[in-house]
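These are my notebook entries on a structure that I looked up for the first time.

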Amino acid sequence: MSDCPAASLPKLDPEAARQRDQVLRTVLESIPHCVFWKDRDCLYLGSNSGFARLAGFDDAADLIGQDDYDLPWTRTETDFFRKCDLDVMARGEAILNVEEPQKNALGEETWLLTSKVPLRDEAGRVFGILGMFVDITDRKRAELERDEAQAKLVVASREAGKSEIATGVLHNVGNAINSIGVGVDLLRERLGAGPVALAERLAASLRPHRADFPAFAAADPRAAALPDLVIGLSEAMRREHDRLRDELAQLTEQVAHVKDVISSQQAFARPRTAREPAPAAALAEEAARMATACIGPGGAAVRVRTAADAPVVTTDRSLVLQVLVNLLHNALQAVPADQEDGSVEIRVAQDATAGTLAFVVEDNGRGIDARAIGRLFEHGYTTRADGHGFGLHTAALSAGVLGGRLEAASDGPGRGARFTLTLPMDQAAVHPAA
């Protein structure tokens, strides 16, 4: 095998040399790579059959003595190949696994994964170069197809994302509007049956005696009760005023929540950086208050259980509230109105070992079938006849945006359910106990 690079190989007897050459030839013809070697003038010293065929030769021996300008490569390609070869030989350093385009003998565009190493003699001097490459055209085409498909998927995902944002806005705003509607109804009832109506009746009974009130007060024994009536009325009006003020404060809070929902849902399309410190206990309390307002009077009460040293979380406060209000709203709806022991609880727990902080919402209501647990967060899936399947899906997406996760568990129908929003502890710092 006189065309093999043997200058650096040890001297053997003729039979051993023949066997060595045969082994090398077998290896060269068996591997999937095209292999060639050249001298310092970039003239071919030899190759395997794969490279010879690619270069347009039936026999590898016909390639010996040729240079790249005699082969079917373009002038630009040949200049590039020679430059790489001369650089490798000049530096004495290999280049490995370089992707490069090339045209074959038929003029077809191909992609090659190429490696080139300098050849050295026994004294360590570079006398040539060994190159090998494998055709990766199919892989590159697959990558191009994948990139094209991915680009289409990105476009489709953006369109789907717009729908997700709209759905999330509608659902979360809908919850807030429900609570606003409940508050407005309560205000209307109190304004219609409050102490103002009583004051008007009292004024109506006194109006006929406006001109002769001293005589009326002296002659009518009912007049003696007037001071106590007026004082009692004043106190009742003060209590009602305080209740109405609290109700208005809740309505104002819900309107602000609507604004936050819209703002935070719009931010799904851009990086979220608006994080602020928020006491976990305060988040739980506020979520409980908002969710209770959504349901109105007559439903199960939300019990908030937090430790004295509950953490202060640096997170997107509005987004956390949206998730918790959704979970509490669902929990309240899961407890039948006629269930005497119905309860909903939200608590805060932290796991220092796992480095997580969790908000746990648990109820003892209708529960969830085991077959439904795995589908609860799917878009459009719901276990309620009047549900639409947006709330939990949006909540799960929000949990991901927060860097956490949302999980559901239930012991089965009639045995309640538990939802856990887990956030990474690196967003939290333990708040010192008061």
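Is Arg-305 buried, partly exposed or exposed? I find that Arg-305 has 46% relative accessibility, so it counts as partly exposed; buried means under 20% relative accessible area, exposed over 50% and partly exposed in between, with a 1.4 Å probe and protein chains only.

I note that this is a predicted model, in which local features need pLDDT of at least 70 and side-chain atom pairs count only at pLDDT 80 or more, while totals for chains, interfaces and linings use all residues. Residues are numbered from 1 along each chain as its sequence is written, and side-chain values use heavy atoms, with hydrogens and water left out.

Entry on salt bridges. I counted 19 salt bridges in the structure, each a side-chain nitrogen of Lys or Arg within 4 Å of a carboxyl oxygen of Asp or Glu. Glu-345 has 8% relative accessibility and so counts as buried. Arg-303 forms a salt bridge with Glu-345, with the closest N and O atoms 2.8 Å apart. Because Arg-303 lies in strand 7 (residues 302-305) and Glu-345 in strand 9 (residues 344-351), this pair ties together parts 42 residues apart in sequence; strands (E, at least two residues) and helices (H or I, at least four) are DSSP runs numbered from the N terminus. Arg-305 also meets Glu-345 in a salt bridge, at 3.2 Å from N to O. A salt bridge joins Arg-347 to Glu-345 as well, at 2.8 Å from N to O. I find these residues in a network of salt bridges that links Arg-303, Arg-305, Glu-345, Arg-347, Glu-362 and Arg-418.

Entry on aromatic rings. I found eight aromatic pairs; rings of Phe, Tyr and Trp (its six-membered ring) pair if their centres lie within 6.5 Å, and planes under 30 degrees apart count as stacked, over 60 as edge-to-face and the rest as tilted. The ring centres of Phe-36 and Phe-51 are 4.9 Å apart and the planes stand at 40°, so this pair is tilted. Phe-36 lies in strand 1 and Phe-51 in helix 2 (residues 49-54), so the pair ties together parts 15 residues apart in sequence. Trp-73 and Phe-81 form an edge-to-face pair, 6.4 Å centre to centre with 90° between the planes. I note that Trp-73 and Phe-81 are both buried. Ring pairs link a cluster whose members include Phe-36, Phe-51, Trp-73 and Phe-81.
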